[in-house]
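Please read the points below alongside the sequence and the coordinates.

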Amino acid sequence: MSRRSRTRALRLAAAVAGGALLATGCNAAAAKKEESGQGAGGPAFTLVTPDAVGQNEFLKLSVDGLKAAAKANSGSSKVYESTDVASRQQNVQAAVDAKPQVIVLVGFEFADLVAQQAEAHPQQRFLVVDACTKQTYPNVDCAVFREHEGVYLAGAEAGLLSKSGKVGAVDVLDTPQFRRYSDPFAAGAKQTAPAAEATTRFVGGQSPFNDSARAKEQASSLISSGTDQLMAAAAAGNYGVFEAAKAKGVFAYGVDVNQCVSAPGTVVDNVIKKTDVAVEKGIQQVLGGKGGQIVSYGLKEGGISLTGLEPGVADSQCVIAQHAPVLDQVKRLRDQIVSGELKVDDPAAK
């Protein structure tokens with residue numbers, strides 16, 4: 001739930017608001033970013049992004065996954081970048097008109113569009129990443145993430161690093177889906193520090209996904225009560241959490257991509273979603289002929305990780321790079337989750 005080029009969750013609100021618009025009559029131009037690997041006679045794969053890729057690491061990984069799949073199948077890849085609701089609609093239509101082997105769409109703002117197109121074009125295969133349609137379609141596969149597993153590991157780090165014995169989370173809303181970013185954080189902290197106290201504050205209000213000031217207030221409230229390790233799960237408000245933590249000399253954890261670069265010395269680690277893995281493996285899943293599947297990617301599949309567990313952590317600007325013994329313990333917990341020895345409860349499954 002980090003701020004990508006724009007906030008993931010904020011884009012949801014925009015998608016809902018614009019859901020009634022028709023793909024025809026849009027003035028926004030579809031933005032075709034690139035074509036590569038024009039394999040003669042090979043399968044074609046198309047990716048439609050919800051925002052411009054630019055320096056958006058989350059979307060850049062998606063492009064990497066598309067290219068890897070095209071190379072593995074001696075095919076070609078094409079990327080359409082969107083900028084708003086209208087261009088998303090036009091890009092999806094352009095992708096369908098081109099009739100590639102698989103159309104990949106990243107983000108929940110595409111769920112309704114895919115449902116419409118899947119019904120209208122039953123021979124076209126779709127892969128939705130980080131979301132899924134409300135009902136199952138035989139020509140739509142979905143790749144989703146088990147974020148709660150990574151959040152649990154971040155909580156384990158917090159439990160080991162906390163000096164006050166108090167950890168907390170600033171979450172967007174008090175719903176099971178969003179509690180995936182707070183409840184497992186508390187559970188992970190108590191795994192490594194059984195006496196740890198955990199508290200969650202919710203942004204709420206009129207703009208819960210884009211209220212940095214409110215998120216900062218909630219973080220400051222936790223800090224004033226002694227919390228020294230904060231899970232930032234406040235969408236665009238994460239930067240408010242980081243500001244509050246930096247001002248008081250405490251620590252925070254980011255999500256989706258490496259947010260340590262936004263607040264070096266303050267952000268300990270990040271729960272990252274590896275969209276390249278989900279896109280590449282998801283395309284292979286689609287090509288395997290099993291339609292209408294939802295595949296979940298977690299620690300075992302390499303779809304969820306921590307920045308601290310990835311190569312290059314020394315150059316990540318994350319505080320965790322200074323705590324090798326903590327990472328050693330977290331790696332052991334990761335291995336237990338991967339093997340099935342340790343199960344992390346999913347709040348969204350209750």
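1. Alanine 94 is found in helix H3, residues 85-98, where helices (H or I, at least four residues) and strands (E, at least two) are DSSP runs numbered from the N terminus. At 23% relative accessibility, alanine 94 counts as partly exposed; on this scale buried means under 20% relative accessible area, exposed over 50% and partly exposed in between, with a 1.4 Å probe and protein chains only. The C-alpha atoms of alanine 94 and tyrosine 80 are separated by 8.9 Å, the two residues being 14 residues apart along the chain.

2. On provenance, this is a predicted model, in which local features need pLDDT of at least 70 and side-chain atom pairs count only at pLDDT 80 or more, while totals for chains, interfaces and linings use all residues. Residues are numbered from 1 along each chain as its sequence is written, and side-chain values use heavy atoms, with hydrogens and water left out.

3. For the chain as a whole, there are 10 helices and 13 strands, and buried residues make up 53% of the 350 residues. Of the contacts (heavy atoms within 4.5 Å) with a separation of 6 or more, 70% are between residues 24 or more positions apart.

4. Helix H10 (residues 324-339) has 16 residues, which at 1.5 Å a residue should span 22 Å, and its end C-alpha atoms are 23 Å apart, which agrees; the expected span is 1.5 Å times one less than the number of residues. In H10, the residues Val326, Leu327, Val330, Leu333 and Ile337 are buried. They cover an arc of only 120 degrees around the axis, which puts them on the same side of H10, the arc being that of the directions from the helix axis to the C-beta atoms. The face of H10 turned away from this buried side carries the exposed residues Pro325 and Ser339. Helix H5 (147-161), helix H6 (183-192) and strand S13 (304-306) are among the elements that cover the buried residues of H10, and just after the helix glycine 340 takes a positive phi of about 95 degrees.

5. Helix H2 (57-72) can be read in a similar way. Its 16 residues reach 22 Å from first C-alpha to last, close to the 22 Å expected at 1.5 Å a residue. Phe58, Leu59, Ser62, Val63, Gly65, Leu66, Ala69 and Ala70 are buried in H2. They cover an arc of only 160 degrees around the axis, which puts them on the same side of H2, whereas Lys71 and Ala72 are exposed on the other side. At the start of H2, a side-chain oxygen of asparagine 56 reaches to within 3.1 Å of the backbone nitrogen of phenylalanine 58, and H2 is followed by serine 74, whose phi is positive, near 50 degrees.

6. Which side chain makes a polar contact with the side chain of serine 305? It is that of glutamate 310, at 2.8 Å; a polar contact is a pair of N or O atoms within 3.5 Å, where within protein one must be able to donate a hydrogen and the other to accept it, and residues adjacent in sequence count only if both atoms are side-chain atoms. Serine 305 lies in strand S13 and counts as buried at 6% relative accessibility. Glutamate 310 is also joined to lysine 274 by a side-chain polar contact of 2.9 Å, and lysine 274 sits in the loop between strand S11 (267-273) and helix H9 (275-287). Leaving aside neighbours within four places in sequence, the residues in contact with lysine 274 include Leu61, Phe145 and Ser305.

7. Arginine 180, in the loop between strand S7 (166-171) and H6, is buried, with a relative accessible area of 10%. A polar contact of 2.4 Å joins its side chain to that of glutamate 147, and the backbone oxygen of phenylalanine 145 lies 3.0 Å from a polar atom of the arginine 180 side chain. Beyond neighbours within four places in sequence, the contacts of arginine 180 also include Asp346, Pro347 and Ala348.

8. The second largest pocket holds about 290 Å³ of space and is lined by 14 residues, of which Glu57, Leu61, Asn258, Ile272 and Thr307 lie nearest its centre. H2 and S11 each supply at least two residues of this lining. On a 1 Å grid over the protein atoms alone, a pocket is an open set of points where a 1.4 Å probe fits, with protein on both sides within 12 Å along at least five of seven lines, and lining residues have an atom within 4 Å of a point. Grid points are joined across faces, edges and corners, and the volume is the space filled by probe spheres set on the points.
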